[in-house]
Amino acid sequence: MERVMLFQEATGGDKFLLGGKGYGLVEMTSLGLPVPPGFVVTTEVCKQYYGDGGRIPQGLFDQIRSKISDVENKTGKRFGGEEKPLLFSVRSGAPFSMPGMMDTILNLGLNDSTTERLAAITKNERFAYDSYRRLIQMFGKVAMGADPRRFEVVLEERRNATGAEMDIDLSPEDLKGVVREFKEIVRDQTGREFPQDPYVQLEMAVEAVLKSWNNERAKEYRRYYKISEGLGTAVNIQTMVFGNFGETSGSGVGFTRNPSTGDNRLFGEYLPNSQGEDVVAGVRTPVSIDRMEHHVRAQLEDVARKLEAHFKDMQDFEFTVEDGKLYTLQTRNGKRTAQAAVKIAVDMTREGLIAPGEGVARVEPEALESLLHRRLDPSAGDKPLAKGLDASPGAASGEVVFDTDEAAGIGSSRKIILVRPETTPEDIKGLIAAQGVLTSRGGMTSHAAVVARGMGKPAVVGCSEIEVDMDGGSFTTKSGERVVKGETITIDGTTGKVYRGEVRMVEPEPSPELTTLLKNADAVRKLGVWANADTPEAASKAREFGAEGIGLCRTERMFNAPNRLPIVREMIMSKDVEARKKNLYRLFPFQLSDFRGIFAAMGGKPVVVRLLDLPLHEFLPPLEELIIDIQTMNEKGAPPEDIDRAEALLYRVRQLAEHNPMLGHRGCRLAVTYPEIYEMQTKAILQAAIELRREGKEGAKVKIMIPLVAHVGEFKFLRGVVESSAEALFKDLGEKVGFQIGTMIETPRAALTAGEIAKDSDFFSFGTNDLTQTTFGFSRDDVEAKFIPKYIEMGILAESPFDSVDVVGVGRLVRMAVEEGRRVKPELEVGICGEHGGDPGSIAFFAEAGLNYVSCSAFRVPVARLAAAHSALAAKTSAVTA
């Protein structure tokens with residue numbers, strides 16, 4: 001395929017060749033929409049450019065000149081000509097949308113003489129010189145490396161000197177002066193004159209756009225969204241149309257549906273007498289599309305219908321009105337909030353525009369997390385400081401930070417809100433680090449709004465009720481209240497309100513659309529989704545979110561609750577088995593009540609109870625604290641018996657202390673030494689199930705899980721302890737209840753010998769947190785802070801293995817264990833209950849590895865349900881194409 005193609009020649013090309021922007025222009029041209037003529041330089045050129053050490057491919061500009069000739073013939077204008085000057089925009093366009101991250105140059109082809117001629121032809125001197133100053137400003141910054149702040153200073157000084165409120169208020173003579181000063185800036189900053197030859201401008205602009213693929217903000221954006229570095233950008237060269245021609249002209253951004261709520265109606269903003277960059281930059285606050293002239297709005301409605309019918313997704317499109325005539329300049333699948341993504345997917349399914357499976361595939365599982373975050377409590381009654389535009393829903397609290405670099409530096413350790421007059425693409429680092437963003441300028445389609453929506457972060461923009469003092473590190477409201485850097489504020493992107501301090505939050509409620517989407521997902525997925533829960537309340541919340549069982553009921557809380565910890569400590573201090581048992585059974589009523597509540601909440605569904613895993617020293621005071629306490633007691637003359645007790649406790653703490661507790665006396669190893677602990681727990685679990693049945697209540701399907709097994713001998717011994725305890729209980733109560741006994745696979749040896757363990761185990765559950773630690777030889781608490789970020793930065797690791805499962809190493813052990821276990825027991829149930837059970841990337845692996853279910857925190861259950869459906873859809877697609 002050609003490296004340079006006219007829009008009408010490129011039909012059939014995809015986004016990876018044409019880039020997203022080029023693909024949209026080609027498709028809109030094929031639909032007959034009013035697209036200014038132009039051509040695409042494909043992404044292959046960018047790849048060749050970087051592959052050849054940053055050299056323009058031979059013959060490229062000859063091909064570009066040929067396509068310019070075609071555009072000249074189509075438009076009747078000539079590039080560089082004075083009679084009918086043809087001007088171009090030169091814009092980037094990656095395969096995946098990267099709003100504002102790469103560079104654009106507008107009005108290319110203007111010089112001193114063509115600007116004069118354009119003013120004469122149009123009889124609009126102000127328009128001609130406004131376009132020229134924009135070109136010098138953009139070109140000077142992007143293609144020549146001039147400091148963009150210098151241009152802004154000139155404009156601000158000119159406005160102040162003339163009393164102009166905005167740039168559009170500057171007169172033609174003012175703009176001529178601005179042009180002169182801008183050219184001086186270029187000369188002073190770069191040592192070169194602004195080029196007067198349009199073809200020199202074009203060649204420099206094309207290379208500048210190619211270079212922008214590797215600018216810092218683009219690389220930062222790709223890292224955040226995990227976009228491949230090797231895709232490259234296309235370059236789109238398109239005939240200019242002018243929204244800055246006068247009051248009957250303007251530029252805007254439209255969405256075929258509301259990107260914040262998902263409502264099925266045209267949404268967007270329009271800025272009269274402007275060029276497109278003004279809208280997204282947020283330097284002026286635009287007006288709603290609803291306020292445009294009726295006949296233009298009707299045309300936009302028609303464009304929106306055609307775009308959705310063709311692309312079958314919500315579109316974000318840019319347009320320009322030149323002297324009353326509409327042109328479409330770009331379309332892409334619109335960035336949207338999680339709330340909007342869900343509603344749009346469900347509505348389009350109901351409308352018959354897409355199939356249910358496609359609707360499920362349209363919503364990224366990670367997007368649901370923001371829907372499940374807490375929101376402001378409507379009954380809190382806090383008075384807002386100010387109100388702006390509700391650009392991206394959700395609420396966030398954090399310290400006010402004004403500087404992007406500072407935000408990037410502290411955002412990983414503190415919750416911050418980035419506050420700016422407006423954001424630019426250079427602020428991407430700060431946006432990534434912040435909990436949310438507040439701007440005093442800009443509209444619903446400004447850079448801050450678009451990027452925040454894409455990231456699922458709350459945003460309040462265009463908040464004209466505050467004045468931001470960047471130099472002073474503060475903002476002031478209309479009522480005179482001042483908020484300084486470091487103070488905590490809360491922003492509500494759902495209402496646009498800003499509050500001083502941290503406002504009370506409430507738990508979320510799933511929307512009807514989310515419920516429908518998840519039902520559609522459940523119809524597709526094969527992998528079960530269970531939850532980790534250790535209280536009746538957590539179990540009830542898990543069921544509410546659609547959990548099909550409890551895959552991990554930790555029992556540590558049942559020992560270290562404040563009213564139980566003294567008893568546990570007495571048990572630990574016991575001098576013999578009988579004393580230890582006596583104290584253990586003082587805990588029995590507490591644990592019986594705990595299990596009754598959890599089993600009742602999960603009536604009829606499986607509950608996997610993990611017996612005690614923590615080492616005993618975790619229930620005792622820290623060594624250093626005890627030493628200080630004893631010293632203080634001696635100094636103050638405490639009673640001798642109190643000192644004796646404290647010293648006995650200190651002696652026991654020293655006895656139980658370990659150099660590496662994670663690999664020490666915990667889990668099944670503790671129970672082999674003290675089997676009476678598991679004996680008591682087993683009886684509490686099974687008696688709870690029997691009591692519920694006696695009361696006519698539907699109990700859970702009980703599964704007892706033994707942690708940290710490394711050797712089949714450990715499991716056999718402890719299975720015997722559990723079974724003998726159960727038999728003793730059944731004899732005392734005069735009735736039995738069914739249950740299973742299984743093990744966690746969380747050590748490499750357990751995975752390697754899974755076939756042996758499966759002979760005696762009823763089920764497996766992977767504890768991938770510990771399995772990752774023991775496979776890598778990492779101590780998670782140490783490595784995550786000390787060197788994992790450096791490993792990721794250097795490319796040693798693509799991501800933390802604690803965030804997403806290490807498929808190559810840990811994953812290989814998982815596969816081996818599943819295969820070995822099922823070779824012995826073909827119907828062996830296998831699940832995973834580590835944190836990876838809620839990670840969409842890991843879920844895809846677990847589904848492919850043949851697990852029966854994943855288990856995750858209650859609030860991640862919807863995420864896991866959708867991710868499991870995605871993996872099933874992907875497997876179905878692979879099977880069809882194989």
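Select the five strands that form an open sheet in the order β10-β9-β8-β11-β12, where the pairing is antiparallel; two strands are said to pair if DSSP finds at least two bridges between them. The strands and helices named on this tour are DSSP runs, numbered from the N terminus, with at least two residues (E) for a strand and at least four (H or I) for a helix. This is a predicted model, in which local features need pLDDT of at least 70 and side-chain atom pairs count only at pLDDT 80 or more, while totals for chains, interfaces and linings use all residues. Residues are numbered from 1 along each chain as its sequence is written, and side-chain values use heavy atoms, with hydrogens and water left out. At the edges of the sheet you will find β10 (287–288) and β12, each of which pairs on one side only.

**Strand β8**

Next, select residues 250–255, which make up strand β8, and note that six of its six residues are buried, where buried means under 20% relative accessible area, exposed means over 50%, and partly exposed is in between (1.4 Å probe, protein chains only). In a regular strand the side chains alternate between the two faces of the sheet. In β8, Gly250, Gly252 and Gly254 point one way, whereas Ser251, Val253 and Phe255 point the other way.

Strand β9 (residues 267–272) is joined to β8 by six bridges and runs antiparallel to it; here Ser251 stands opposite Leu271, and the bridge partner of Val253 is Glu269. Strand β11 (residues 315–322) is also joined to β8 by six bridges, again antiparallel, and in β11 you can find Phe319 opposite Gly252.

**Cavities beside the sheet**

Rolling a probe the size of a water molecule over the atoms shows where empty space is left. On a 1 Å grid over the protein atoms alone, a cavity is a set of points where a 1.4 Å probe fits but cannot get out, a pocket is an open set with protein on both sides within 12 Å along at least five of seven lines, and lining residues have an atom within 4 Å of a point. Grid points are joined across faces, edges and corners, and a volume is the space filled by probe spheres set on the points. By this rule there are five cavities of 30 Å³ or more.

The largest cavity holds about 150 Å³ of space, and of the 14 residues that line it, select Leu106, Met240, Gly276, Thr320 and Leu329, the closest to its centre. The elements that give two or more residues to this lining are β5 (88–93), β7 (234–239), α10 (276–281) and β11.

Which residues line the second largest cavity? Select Ser251, Gly252, Val253, Gly276, Glu318, Phe319, Thr320 and Leu329 to see its lining, to which β8 and β11 each give two or more residues. About 40 Å³ of space lies in this second largest cavity.

Most residues other than glycine have a negative phi, and most peptide bonds are trans. Select Asn107, which has a positive phi of about 65 degrees although it is not a glycine, and which is found in strand β6 (residues 104–108). Asn107 counts as buried because its relative accessibility is 0%. Then go to Asp323, which has a positive phi of about 50 degrees and is not a glycine either; Asp323 lies in the loop between β11 and β12 (325–333).

**Helix α7**

Select residues 172–190 to show helix α7, whose 19 residues reach 27 Å from first C-alpha to last, close to the 27 Å expected at 1.5 Å a residue; the expected span is 1.5 Å times one less than the number of residues. Its buried residues include Leu175, Val178, Val179, Phe182, Ile185 and Val186. What covers the buried residues of α7 includes α4 (112–122), α5 (125–142) and α6 (148–162), where contact means heavy atoms within 4.5 Å. Just after α7, Gly191 takes a positive phi of about 75 degrees.

**The second largest pocket**

Finally, move to the second largest pocket, which has a volume of about 690 Å³. Of the 27 residues that line this pocket, the closest to its centre are Asp613, Met662, Arg666, Asp770 and Gln773. The largest share of the lining, four residues, comes from α31.
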